Amino acid sequence: MLVTACAKPGPDHPPGEPFDPYENTNRKIHEFNRSVDRALIRPAGKGYSNFLPDDIETLIGRFAFNLSLPGSIVNNILQGNGRGATEDTYRFVVNSTMGLGGFFDPASEIGMPKPTKADFGQTLYAWGVREGAYVELPLLGPSTERATVGKVVDLFTNPLTYALESPQNYYGTIASASSRLSDRGRYSETIDSILYQSADSYSQAQSLYLQNRRFKLGNGSGDTYLDPYDDPYGEEGEDPYDQ
Amino acid sequence: MTSSVSRRYFIGVSAAFAGVLAGRGPAFALSDQSARTLIDRVVSDINKVIASGRSQSAMISDFEKIFARYADVNIIAQSTLGADSRRLSPAQMRAFVDAFRGYIARKYGKRFNEFVGGKIEVEGVREVKSWHEVASTVYLRGESPFQVLFLVSDRSGKDLFFDMVIEGVSLRLSERTEIGSMLDRRKGNVDALIQDLRSAG
């Protein structure tokens, strides 16, 4: 069912181009996101970031990230990645105890393996579900059909949602919303340059998102530089000297 | 959204030009070594610029000289135009490449202040198809380390880099999207695009 849920590009689709059959709708949502950003999120992010000391912002970011680890562990198991599941479990245990509930990050300080950041979108990739069309989600921004299904499922796969009682089970959500607001403030110049200074902010955001998402799915291997951008004319992703 | 990644991309491009390369590892094969030597030079030149403490506009102009010297600006600029590059006259192409070089220098050079206290370490070099990939890790304050690849080729006749890839995001491909959008906005008029590029960034 999931396999068929994601749209498939036609045979005449140029391989180097993003698969974007919903471009008209996506662009409307992009405009909506931009206006929300301009009116609310950008000023709120700046205010939040200026109001809170950087150290506190870092603590909240770490706390939110730590609470996302159980979801990562579940996804590692679903992907058959026993090693990733084990590493994330150790990180969660160490940071939740020695890191005082995740506010500190002793796991990184003692050189434990990097967190896998596995999500259900990645699990679908591992299961062979195709990427589907590019979509821009209201408030959440750039995504693909596969990643969107993943996001919805991730809402339900984080064990903490079930293990904790209300209102404690909302702490993670609140912390991650705060941490996103904090990012908007900290990365203000970068986001502004994409949203308000590029010739076409929709295309620029799409390009950055797709390149980075594919890189992450390939587990950080540089080889993904080539495959998403193979086109029949050898102009993209290929050696630019071959023309 | 993709905020942290986009920032890494921007800062990565700047930082990669400016970081401190702590070279380590065994000796590489001759061409690997020369690719690495190139990137070492890029970084050491930029460090001098940063240490000079000059004004932002002076630093951007120094940065442009370094980009012109160590990057194959011709091939980067040309490939951002894609198939459209075929319809440019040689004079238009020269004007485009000149404008492009200044645009890149302004766009990324003005972000230099954001990586104070950071550093880059070269992790290794490998051969990929017809080029060499110099892998490095960028360490920024308050940020987890991330990967930057320099793609170096000698097919222009000299060892020059023709792309930088920050966590999967390629400078050349991202600018291709941006230049394509700028050209669309001008309804395909290359001269108008060149005019826009001279003040963009």
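User: Which residues in H4(A) meet H3(A)?
Analyst: This is a predicted model, where local features need pLDDT of at least 70, side-chain atom pairs count only at pLDDT 80 or more, and totals for chains, interfaces and linings use all residues. Residues are numbered from 1 along each chain as its sequence is written, while chains are lettered from A and ligands numbered from 1 in the order in which they are written. Contact requires C-beta atoms, placed from the backbone, within 7 Å. From H3(A), A:Asn66, A:Leu69, A:Pro70, A:Ser72, A:Ile73, A:Asn76 and A:Ile77 meet A:Gly84, A:Ala85, A:Asp88, A:Thr89, A:Arg91, A:Phe92, A:Asn95 and A:Ser96.

User: How many polar residues has the contact of H3(A) with H4(A)?
Analyst: Asp, Glu, Lys and Arg count as charged; Ala, Val, Leu, Ile, Met, Phe, Trp, Tyr, Cys and Pro as nonpolar; the others, Gly among them, as polar. The contact has two charged residues, six nonpolar and, among the polar class, seven.

User: At what angle do H3 and H4 of chain A pack?
Analyst: H3 covers residues 54-78 and H4 covers residues 82-97. Their axes (lines fitted to C-alpha atoms over the stretch in contact) lie 8 Å apart. The angle, on a scale from 0 to 180 degrees between N-to-C directions, is about 160 degrees.

User: Why are H3(A) and H4(A) described as roughly antiparallel?
Analyst: Their packing angle is about 160 degrees. That makes the pair roughly antiparallel, because the label applies to angles over 145.

User: How many strands are there in chain A?
Analyst: Helices (H or I, at least four residues) and strands (E, at least two) are DSSP runs, numbered from the N terminus. Along the sequence, the pattern is α-α-α-α-α-α-β-β-α-α-α-α-α. Chain A has 11 helices, and its strands number two.

Terms used. Angles under 35 degrees count as roughly parallel, over 145 as roughly antiparallel, 65 to 115 as roughly perpendicular and the rest as oblique. Two residues are in contact if their C-beta atoms, placed from the backbone, lie within 7 Å.
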